[in-house]
Amino acid sequence: MPGGKATSKPSGKLVQQLLFSEVLRLNKLASSHVQSPVMAGTEQATTMYPILQEITAVSRRLKGMDTAITSLMTETKSMRLEIAEFQSCVTGLEHRMTTMEDHVNTVLGKDQELLFLRSKLIDLEDISRRDSICLFGFLEYAEGTDTPSFLRLSKTNRHWLRLTVGVPERTSSGPVF
């Protein structure tokens, strides 16, 4: 309820207070119409009749208000139950979302690890391929830092490759080296 604390149940005290205040108001109204307490008979009865009608009308309105308040409280209680259900659903969804975020972070970590291992495997395969060719008959470190250029430039090296490995000097498309 805006601006205040919601009451859990309409109290009969509230209805009684409203009824009491109306009765007091009507009593003041009645006392202003009755001029003397000694008056008797029909004159007092005719003065009191409109007051009694107003009291009856106020009583009906208060009963209607009591019914409306009871209805509102029933609706409020059912809304509170629905809100509690929604809160439990939201709590469950938050838990599932947190779990999914944890799984996503785990998968992302595994993905980074997989990329690292893949690059490491490529490096190891490249090193393995490089170490699989051994050339004998050359001085150690004779090629310097550029082995392919060393093998292409030297006539002795080309002759050695043709004899040892069986590489032809020329192919139909041109020289091999």
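1. pLDDT is the predictor's confidence in each residue, on a scale from 0 to 100, and it deserves attention here because the model is a predicted one, in which local features need pLDDT of at least 70 and side-chain atom pairs count only at pLDDT 80 or more, while totals for chains, interfaces and linings use all residues. Residues are numbered from 1 along each chain as its sequence is written, and side-chain values use heavy atoms, with hydrogens and water left out.

2. On that scale the protein averages 75, and 60% of the residues score at least 70. Confidence is highest in helix H2 (residues 42-131), at 86, and lowest in strand E2 (residues 174-175), at a mean of 55.

3. Two stretches call for caution. Over residues 1-7 pLDDT stays under 50, and the model has 4 contacts for them beyond four places in sequence, a contact meaning heavy atoms within 4.5 Å. Residues 34-40 likewise stay under 50, with 4 contacts beyond four places in sequence. Where pLDDT is low, the predicted coordinates should not be read in detail.

4. The protein has 4 helices and 2 strands, and from the N terminus on these elements run α-α-α-α-β-β; helices (H or I, at least four residues) and strands (E, at least two) are DSSP runs, numbered from the N terminus. Among contacts in the protein with a separation of 6 or more, 44% are between residues 24 or more positions apart.

5. Of the 177 residues of the protein, 7% count as buried, where buried means under 20% relative accessible area, exposed over 50%, and partly exposed in between (1.4 Å probe, protein chains only). The accessible surface of the protein comes to about 15,100 Å², and 62% of this belongs to carbon and sulfur atoms; such areas come from the Shrake-Rupley method with a 1.4 Å probe, and for residues only the protein chains shown count as cover.

6. Val-58 and Leu-18 are 40 residues apart in sequence and, C-alpha to C-alpha, 9.9 Å apart in space.
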